Amino acid sequence: MLAQTLARVALGSFMVTAGVLHLTTQREEFRAQVPDWLPVDEDLTVLGSGVVEVALGGAFIALPQHRRTIGALLAAFFVAIFPGNIAQYVEGTDAFGLDTDRARLVRLFFQPVLVLWALWAGGLLGRRRTAPTEEQEREEVETGE
């Protein structure tokens, strides 16, 4: 499905960009979002999450035959980092222009959207109307659609 392919490439591109920003120019902003209670160094957390974002985003684009697995991993990643977003709201941490409680609260509602986006773009949501033939399954794997 073309829409899912476009959504997969868009999300993959977004993740690669975010990951590169973790590793470069926005590193301080991302460090501000690491919760105080996390028992791992802030910089190590930011670098590690940046590497994961680049890897998952790049794989989501380059490996369409594995889109289901990568979509599930991306969804799990978004769930895993959600406590950091909650901590930013609870602790009132300013980063990326989120300098009010309202802005930080609104951001929380976008995390489930990212989870659903990863699942849908990975082909994990929705029903098939009919069982695919072996040829259709082979074509789907080859084209990533």
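Contact here means heavy atoms within 4.5 Å. In this predicted model, Phe-78 touches Leu-11, Met-15, Gln-111, Leu-114, Val-115 and Ala-118, leaving aside residues up to four places away in sequence. Phe-78 is also one of the residues with the most contacts inside the largest nonpolar core.

**Helices α1 and α4**
- Helix α1 spans residues 2-23 and helix α4 spans residues 67-91; their axes come within 12 Å and cross at roughly 50 degrees.
- An angle under 35 degrees would count as roughly parallel and one of 65 to 115 as roughly perpendicular; α1 and α4 are therefore oblique to each other.
- The crossing in which α1 passes α4 is left-handed.
- From α1, the contact draws on Arg-8, Leu-11 and Met-15, while α4 contributes Arg-67, Leu-74, Phe-77 and Phe-78.
- Sorted by class, this contact of α1 with α4 comprises 5 nonpolar and 2 charged residues, with no polar ones.

**Nonpolar core**
- The largest nonpolar core contains 16 residues, and Leu-11, Met-15, Phe-60, Ile-70, Leu-74, Phe-78 and Ala-118 have the most contacts inside it.
- At least two residues of this core come from each of α1, α3 (42-62), α4 and α6 (110-121).
- In soluble globular proteins, nonpolar side chains tend to be buried together.

**Ala-76**
- Ala-76 lies in helix α4.
- With a relative accessible area of 43%, Ala-76 is partly exposed, because that class falls between the buried limit of under 20% and the exposed limit of over 50%.
- Ala-76 and Ala-118 are separated by 42 residues in sequence and by 9.3 Å in space, C-alpha to C-alpha.

Definitions and conventions:
Residues numbered from 1 in each chain as written. Predicted model: local features only at pLDDT ≥ 70, side-chain atom pairs only at ≥ 80, totals over all residues. Heavy atoms only, no water. Axes fitted to C-alpha atoms, helices over the stretch in contact; angles between N-to-C directions. Helix = DSSP H or I, 4+ residues; strand = E, 2+ residues; numbered from the N terminus. Parallel < 35°, antiparallel > 145°, perpendicular 65-115°, else oblique. Left-handed = near helix turned anticlockwise from the far one by under 90°. Nonpolar A, V, L, I, M, F, W, Y, C, P; charged D, E, K, R; others polar. Core = buried A, V, L, I, M, F, W, Y, C linked by side-chain atoms within 4.5 Å. Buried < 20%, exposed > 50% of the residue type's maximum accessible area, 1.4 Å probe, protein only.
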